[in-house]
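Me: I have a model open and want to go through a few spots. Can you take my questions as they come?

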Amino acid sequence: MTAFQDSTVAAPAEPPARPVPAEPAPARWTRLRGPAVFTAVAVLMLVVAPLALEPFRLGLLAKYLCYAIVALGIGLTWGQGGMLTLGQGVFFGLGGYAMGMYLKLHDAGGDLPDFMVWSGVDHLPALWRPFGNPVFALAMVVVLPVAVALLLGVLVFRQRVRGAYFAILTQALAAALVILLVGQQGLTGGTNGLTNFFDFFGNDVAADGTQRGLYVLVAAVLGVLYLGARQLVRSRFGRLLLAIRDGEDRVRFLGYDPAAVKTVTFAISAGMAGIAGALFVPVVGIISPALLGVVPSLELVVGVAVGGRYALAGAVLGAVVMGYAKTYFSEELPEAWLYLQGALFILVMTLAPKGLTGLAVTLWRSVTRRRAAA
Amino acid sequence: MEGVLNQLPIGLSIGAVLLLIALGLTFTFGQMGVINMAHGEFIMAGAYTAYLLQSVGFLIALPAAFGVAGVMGLVLERLLIRHFYGRPLDTLLLTWGVSLVLQQAARDLFGAPNVQVVSPTWLRGGVGILPYNRLFIMALAVLSVVAIWAYLHRTGQGRRMRAVMQNRRLAATSGINTGRVDQVTFFIGSGLAGIAGVALTLIGPVGPTLGTYYIVDAFLVVVAGGLGQLKGAVLAALGLGLLNSYAEFWSDASLAKVIVFVAIIGFLQLRPQGLFVLRSRALS
């Protein structure tokens with residue numbers, strides 16, 4: 001299946017974890033650069049942004065950071081593992097609906113949630129009952145997406161279904177879930193989804209203070225997950241994942257089980273998307289089918305591609321940049337947004353397949369090389 | 001019982017439309033490794049061609065839509081896709097960008113609301129449970145398959161296409177101009193999507209996002225049927241069309257897609273590469 005291999009895959013521009021002795025020891029600055037940048041960004045996001053931004057802008061940023069958490073997972077599966085997943089919206093949605101169901105039941109305080117009354121449902125469906133328990137609901141935020149991803153991964157990767165086939169299947173799953181959610185109006189709120197939340201664990205969800213706190217929570221979760229993903233990529237497991245991306249059959253012939261590695265990675269990214277969905281619900285105040293179908297799932301992948309799929313930071317950056325671009329252009333030039341998005345995408349794929357971070361690395365290298373030559 | 005029978009022409013005609021769409025996909029995918037998400041917009045272009053030509057005549061719309069969609073495919077191949085051969089996942093994302101642009105272009109040209117194409121009078125009515133319009137769609141698909149088969153197996157250009165699909169390098173070494181073959185394949189495949197668009201105007205309204213409803217299912221046909229397999233595509237398209245309509249009939253519309261998805265995953269457990277060789281019983 002050589003036709004399925006991505007011929008452009010180059011090693012991501014990260015320094016090797018343990019330098020080969022023959023190379024000169026890296027300067028202290030080079031070694032500290034990563035942590036220094038991370039700390040600076042963390043301070044900026046966790047301290048400066050909440051103080052400097054007005055509540056509306058902070059809310060938007062929190063929303064983009066939710067998308068960035070999903071993008072981090074896409075960076076893992078697609079950038080590192082070569083599995084293009086076009087259905088992350090499914091896992092985002094599962095997490096979001098799990099959280100939304102709990103919040104709805106909590107707000108209703110023993111009665112039926114409002115939309116069920118409107119749909120003519122007379123008693124609480126059995127599916128909803130356990131979600132009244134916050135511990136169960138929070139557990140489901142991660143358990144549901146991971147379980148679905150594990151099941152799909154086992155069924156698909158074991159059979160060596162990969163590449164474009166996998167992408168098409170994940171896309172079909174997203175399409176199917178949306179139709180299911182829209183159709184089961186009494187159970188899911190239909191097209192409107194779940195909305196009108198009031199209370200988030202004892203706080204008024206609309207209050208500025210709550211939103212500020214939620215922002216900090218989202219940013220902190222993103223930071224922790226980023227560090228975890230980075231650690232994973234640098235581990236033995238991550239090396240194996242990279243090897244599978246570049247030559248799955250060779251890895252198999254070496255005695256490893258690529259299907260297991262791919263399934264676990266896919267499940268991790270699904271869990272991340274689930275967490276992102278659960279955080280998205282109180283931040284934005286809604287979860288609906290329109291937020292998790294084929295198009296939003298693809299938009300997330302677009303963000304990752306624009307930011308740079310081979311670096312985890314690129315994925316995060318791309319999601320935030322695309323989020324801002326979408327908000328800005330759909331406010332200022334609503335007709336032009338689809339043209340711009342399409343054109344941007346065509347340009348990135350043709351001219352800079354490694355995205356913004358790829359461009360930045362190329363620039364940085366040419367600058368340092370010139371400096372070294374001088 | 002009558003309901004079960006009524007479902008049959010619906011399922012078969014949806015299968016026929018899926019087949020027309022999937023034929024182009026399976027050959028561009030099988031031959032060039034290109035996943036063309038903009039294929040759905042070629043359907044839409046074909047449907048709007050029928051809309052524009054409805055005063056001229058419905059039958060004229062068929063070759064016109066074939067030409068319009070085919071040329072669009074050819075331009076896309078020449079301008080963008082040929083730089084991406086061997087990178088299927090990248091073509092998927094690239095062509096998605098193209099499809100966004102085309103959808104917005106349709107919105108600007110024809111307006112966002114759906115438009116209705118008036119079916120010609122000779123396609124109204126039907127015999128027994130078989131409405132003429134659905135019969136016509138099935139006939140269209142049968143004719144297209146026969147034409148494609150004859151092209152592949154009875155013409156020199158078709159033989160070259162099969163050669164490139166089976167072994168591109170060997171074909172090139174044997175003196176076949178593979179770039180030219182790619183262009184022809186893209187033209188024919190996109191043109192068939194245009195014809196599918198005309199067929200769709202007989203059973204529903206036309207809108208800028210018409211293609212997006214069918215593209216995912218058409219890709220599933222490719223996955224289930226096997227790459228570049230005419231027989232596989234035919235069987236998978238019919239199977240998927242029937243499964244879709246009967247799943248909607250026996251459960252409800254919202255569950256049907258989930259049932260189809262589960263069925264495809266289950267089917268891939270038996271045949272991970274799709275049908276590939278002709279064994280029709282594997283599907284049922």
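Me: Which residue does B:Asp90 form a salt bridge with?

Reply: The partner is A:Arg309, and the closest N and O atoms are 3.3 Å apart. A salt bridge here is a side-chain nitrogen of Lys or Arg within 4 Å of a carboxyl oxygen of Asp or Glu. This is a predicted model, where local features need pLDDT of at least 70 and side-chain atom pairs count only at pLDDT 80 or more, while totals for chains, interfaces and linings use all residues. Side-chain values use heavy atoms, without hydrogens and water, residues are numbered from 1 along each chain as its sequence is written, and chains are lettered from A and ligands numbered from 1 in the order in which they are written.

Me: How many salt bridges across the interface of chain B and chain A?

Reply: The rule finds one.

Me: And how much area do the two chains bury between them?

Reply: About 3900 Å², with 77% of it on carbon and sulfur atoms. Buried area is the accessible area (1.4 Å probe) that two parts lose on being put together, summed over both. B:Leu89, B:Leu93 and B:Trp96 supply 17% of what chain B buries against chain A, more than any other three residues.

Me: Different spot. Is A:Gly293 buried or exposed?

Reply: A:Gly293 counts as buried because its relative accessibility is 6%; the cut-offs are under 20% for buried, over 50% for exposed and partly exposed in between (1.4 Å probe, protein chains only).

Me: What does A:Gly293 touch, leaving aside neighbours within four places in sequence?

Reply: A:Ala174 and A:Val178, contact meaning heavy atoms within 4.5 Å.
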